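Hi everyone, thanks for coming. Today I'd like to walk you through one protein model, step by step. Please have a look at it first.

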Amino acid sequence: MASVRAKASLGATAVVAVALVAAGIAVLISLHSNLTGQADREADSLARKVALDIASQVPGRTSYAGLELPDDPDHPVQVADESGRLLTVSEDLERISGTGLSAVTPAKSPSPQGTGLAGGDDSDDDSDDDSGDDSGDDHGGRGRGGDDDDDPAIGEIGDISYSSGSATVGGTAGEYRFATIEVTDGSGETVLVHAGTSLAARQSAVGTAAVAMLVGLPVLLLVVGGVTWLVTRRALRPVEGIRREMAAITASEDLSRRVPEPATYDEVARLARTTNETLTALEAAVERQRRFVADASHELRSPIASLRTQLEVGDAHPELLDVPGAVQDTVRLQQLAADLLLLARLDAGERAGRARVDLGALAREEVSQRTADRVPVSLEVAQGLEVTGSRGQLARVLGNLLDNAQRHAKTSVAASVRREGGRLVLAVADDGSGVPDAERERIFERFVRLDDARSRDDGGAGLGLAIARDVAERHGGTLTVTRAPAGGALFELRLPPAPDDAG
């Protein structure tokens with residue numbers, strides 16, 4: 001899948017799908033829990049109502065056969081004693097589970113005199129006598145707390161519990177939530193009231209919500225995916241324009257062209273601006289390279305042509321061969337080639353060395369070797385001033401500065417090494433005509449010579465100062481030119497001291 005739009009659409013759809021599924025599950029669980037709680041409250045209310053009816057009957061004359069129970073099929077009710085004998089049940093109850101009592105038909109066993117239990121016979125004196133004794137032992141004592149302290153007192157309602165089950169009422173089966181409560185009737189008998197509430201509404205609501213989610217989820221995901229696709233396509237349209245323009249620039253090799261910049265402040269606009277800045281820098285670099293190649297070819301052509309001419313004349317007329325001139329042209333050609341190779345290495349990112357260089361010793365050594373200079377060089381250096389870098393490149397900088405001063409000085413050239421403001425300064429000054437303020441940056445450009453009338457033999461190729469500044473910058477320093485006290489040019493190379501020589 002190479003398309004960013006497709007990836008974004010698929011990713012957004014997947015994230016939304018996961019979020020919706022999680023939210024849907026949470027909603028269904030919450031809905032299920034809330035509806036179950038509502039069913040519990042309804043069952044609780046019904047169970048308490050029946051229990052209050054039982055508790056409110058005249059003591060000794062509780063009648064379960066005549067107890068009014070709801071005839072609503074959504075609310076089945078069972079009333080049983082503690083032994084599990086069904087005393088009464090709501091109408092049309094055919095089957096029940098979940099209450100712990102599966103009977104749906106009241107028991108017909110004899111009951112105590114005056115209790116009115118279903119199936120009982122109030123006129124049977126023998127049963128009355130026997131039952132009176134049993135009731136006093138089994139029910140009356142327990143109801144009054146004689147044997148079981150947990151049973152409620154006569155007329156009181158005990159704890160309530162909940163359970164889930166099923167029931168069939170009037171031929172219709174369903175799931176129910178049951179509330180079970182204890183109550184002691186007027187005869188001291190503790191009975192259990194099981195009241196149920198149908199869960200059909202809960203199942204219907206949860207099912208409807210689940211179906212709605214299952215139907216709506218794919219539709220919503222399609223909408224999310226489609227909207228994400230359209231929004232992403234609109235957002236990436238400027239990127240496609242940048243890509244097309246870059247492809248055209250690559251094909252045409254015209255670095256003057258620029259990519260379109262959206263009139264926004266987002267990432268795409270910043271990308272376009274950065275791309276154009278890169279193209280500008282690349283165009284400038286290519287232009288510098290073209291000028292460099294053209295100037296280098298021009299500079300090399302002159303000594304090569306001169307050397308060839310002298311050799312051809314010498315070949316035809318050996319007596320006319322100018323050997324010193326040929327040697328001079330060869331030396332000049334060698335120096336130019338060395339300068340061009342150094343610039344190429346610097347342009348390629350060659351880093352400065354990490355050796356410790358004593359700047360004063362370097363200056364003394366370089367000046368001592370210049371015995372053939374036209375103007376003598378005076379030197380003033382401080383001791384123990386060390387920098388970190390390439391000794392050969394720093395020597396080239398000092399040599400180029402001294403060569404430049406020799407070409408322009410009238411009577412004196414002065415060099416010095418000192419510490420100033422946390423930096424080490426190597427300065428070269430002459431008493432020549434100096435450098436005009438407007439040209440003080442231009443002279444550091446490659447192949448630039450301010451005196452266009454000067455011959456190339458006397459003036460060089462215009463690479464010395466450019467090399468000197470490049471080397472200075474790669475050593476973390478600067479090279480500037482100002483007016484010397486004697487009126488000429490003052491070049492100052494400022495370099496950071498070696499790490500343990502910062503004091």
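How much space lies in the second largest pocket? About 480 Å³. Before I go on, a word on where this comes from: this is a predicted model, where local features need pLDDT of at least 70 and side-chain atom pairs count only at pLDDT 80 or more, while totals for chains, interfaces and linings use all residues. Residues are numbered from 1 along each chain as its sequence is written, and side-chain values use heavy atoms, with hydrogens and water left out.

Now, what do I mean by a pocket? On a 1 Å grid over the protein atoms alone, a pocket is an open set of points where a 1.4 Å probe fits, with protein on both sides within 12 Å along at least five of seven lines, and lining residues have an atom within 4 Å of a point. The volume is the space filled by probe spheres set on those points, which are joined across faces, edges and corners.

Who lines this second largest pocket? There are 18 lining residues, and Arg288, Arg291, Phe444, Glu445 and Arg446 lie nearest the centre. By class, the lining has 11 charged residues, six nonpolar and one polar. Here Asp, Glu, Lys and Arg count as charged, Ala, Val, Leu, Ile, Met, Phe, Trp, Tyr, Cys and Pro as nonpolar, and the others, Gly among them, as polar. Helix 4 (267-316) and helix 9 (464-474) each supply at least two lining residues, and helix 4 gives the most, with six.

Let's step back to the whole protein. Its secondary structure comes to nine helices and 13 strands; these are DSSP runs numbered from the N terminus, with helices being H or I of at least four residues and strands being E of at least two. Of its 503 residues, 39% are buried. Buried means under 20% relative accessible area, exposed means over 50%, and partly exposed is in between, using a 1.4 Å probe and protein chains only. Among contacts (heavy atoms within 4.5 Å) with a separation of 6 or more, 62% are between residues 24 or more positions apart.

On to the inside. In soluble globular proteins, nonpolar side chains tend to be buried together. The largest nonpolar core in this model has 45 residues, and Val428 and Phe491 have the most contacts inside it. The largest share of this core, seven residues, comes from helix 7 (residues 391-408). A nonpolar core, by the way, is a set of buried Ala, Val, Leu, Ile, Met, Phe, Trp, Tyr and Cys residues joined through side-chain atoms within 4.5 Å. Setting aside residues up to four places away in sequence, Val428 touches several residues, including Leu398, Leu401, Leu402, Ala405 and Phe491. A second, separate core of 19 residues includes Ala43, Tyr64, Val77 and Val191.

Is Gln393 buried or exposed? Gln393 is buried, with a relative accessible area of 8%. Beyond its neighbours within four places in sequence, Gln393 is in contact with Leu346, Glu350, Val471 and His475.

Val471 takes us to helix 9, where it is one of the buried residues. Helix 9 is mostly covered, with eight of its 11 residues buried. The cover includes helix 5 (323-347), helix 7, strand 12 (478-483) and strand 13 (489-495). After helix 9 comes Gly476, with a positive phi near 75 degrees.

Finally, a loop to find on your screen. Between strand 2 (86-89) and strand 3 (93-97) lies Asp92, which has a positive phi of about 70 degrees although it is not a glycine. Asp92 is partly exposed, at 49% relative accessible area. Glu91 is found in that loop between strand 2 and strand 3 as well, and Glu91 is exposed, at 55%. Leaving aside neighbours within four places in sequence, Glu91 is in contact with Asp71 and Val169.

That's my tour; I'm happy to take questions.
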